[in-house]
Amino acid sequence: MRRLLPELSVLHADRNDSVADLGTRQAPRLILSQFPNPDFARSCEKRNIRTLVFADDIVEAVRHVRQAHRISTSQALRPVCAGLVLARPFAAAAQGLVIRRDMAGTAPEILAVLLGHFGLNLSREQAREICRQIGADHPSLREALHRLVPAESVLDEGDAALVAQVLGGLQDLQHGSPGAVSWPRQCFLMGDRPDTMPPVALAVTGRARIIYYGPYYHLPRGSWAARMSVGFSQDIRGMPFSIEVHSTELLGKARILAERGGIFSLEFDIVVAVPHEPIEVRVMNEQGAIEGHMGLVGIDFTQWRPHPADAAQA
């Protein structure tokens, strides 16, 4: 873009930055952000700022983060989930444009669409030359990206299924309502062994404590119906358990008295007001035990509704 606008300033917005924090210069500004906060999004819409969202394939995005940082799939889901949640207001805005990996057209054609969104026009020859110089002169955007950022690894079927559960309901950025979201056991960590994924069943013997915690993912702003599913062994003997969902504050809480073995579901509502903050779910036994096991199936979020404050203003 600097070839067309030599005076262009390129700025980077962090998670807590506002548009005002980036100055009021009259010269053209390109503001880049991976995790823009909701106030930033509202300011852009109020000022009629044109926005552009790059939306990658969810499996490819998680694979890339995992490969680049040498972390687990559940850890790689965290920044990708945050990006998807925080991009929603920009993608749905009247002045928003979404560029997807599977977008139809050649790289020069897509470049022309991208720049045209900002009122910048290129000839076909100029677009072709720019793409050639950056190594993106391939038949499709998907092929160009694959050539520029070659994959050294792939996600197996289990990890790909995990990505679909966590991110599948969030990938349609331009739809007003997000779909259902599931955080299965594989996303969580063990209270007794921090940063370790829990097995199918855990002993609850010992003191009262946090049994499971995590996963530090994000949900779009609004009200959600939550359902936590857990299982208990036959020797659980009337133990009380509590489930809490936290962000910057307590979002929701439920309690169950495990009087017999089996798989049970607890339903409760949560309200997400600060989507740029990660969410932690805690599963705790409220008293010590001398025997018994439990297993976490996961937590599902469904029936999304606008945040009460947003609904009141509508």
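**Questions on helices, burial and packing**

Biologist: Which residue, with a positive phi near 80 degrees, follows α4?
Modeller: This is a predicted model, in which local features need pLDDT of at least 70 and side-chain atom pairs count only at pLDDT 80 or more, while totals for chains, interfaces and linings use all residues. Residues are numbered from 1 along each chain as its sequence is written, and side-chain values use heavy atoms, with hydrogens and water left out. Helices (H or I, at least four residues) and strands (E, at least two) are DSSP runs numbered from the N terminus. Helix α4 covers residues 107-117, and the positive phi that follows α4 belongs to G119.

Biologist: How many strands does the protein have?
Modeller: The C-alpha trace spans about 75 × 45 × 30 Å along its principal axes. Within the protein there are eight helices, and the number of strands is 14.

Biologist: Is R63 buried or exposed?
Modeller: Helix α2, residues 58-69, contains R63, whose side chain is joined to that of Q67 by a polar contact of 2.5 Å. Such a contact is a pair of N or O atoms within 3.5 Å; within protein, one must be able to donate a hydrogen and the other to accept it, and residues adjacent in sequence count only if both atoms are side-chain atoms. Burial is judged by relative accessible area (buried under 20%, exposed over 50%, partly exposed in between, with a 1.4 Å probe and protein chains only). Because its relative accessibility is 3%, R63 counts as buried.

Biologist: What is the relative accessible area of R70?
Modeller: R70 lies in the loop between α2 and α3 (73-92), and its phi is positive, about 55 degrees, although R70 is not a glycine. Most residues other than glycine have a negative phi. R70 is exposed, because its relative accessible area is 65%.

Biologist: Where is Q303 placed?
Modeller: Q303 is a residue other than glycine with a positive phi, near 50 degrees. Q303 is also exposed, because its relative accessible area is 59%. The place of Q303, spanning residues 293-305, is strand β14.

Biologist: Which residues have the most contacts inside the largest nonpolar core?
Modeller: A nonpolar core is a set of buried Ala, Val, Leu, Ile, Met, Phe, Trp, Tyr and Cys residues joined through side-chain atoms within 4.5 Å. The largest one has 69 residues, and α3 gives the most to this core, with 10 residues. Apart from it lies another core of 10 residues, including A107 and L120. In the largest core, the residues with the most contacts are L167 and W183.

Biologist: What share of the contacts in the protein with a separation of 6 or more is between residues 24 or more positions apart?
Modeller: Contact means heavy atoms within 4.5 Å. L167, for instance, touches residues including I58, V62 and L77, when residues up to four places away in sequence are not counted. For the protein, residues 24 or more positions apart account for a share of 70%.

Biologist: How much of the 314 residues in the protein do buried residues make up?
Modeller: In helix α4 the buried residues include I110, L111 and L114. Over the protein, the buried share is 45%.
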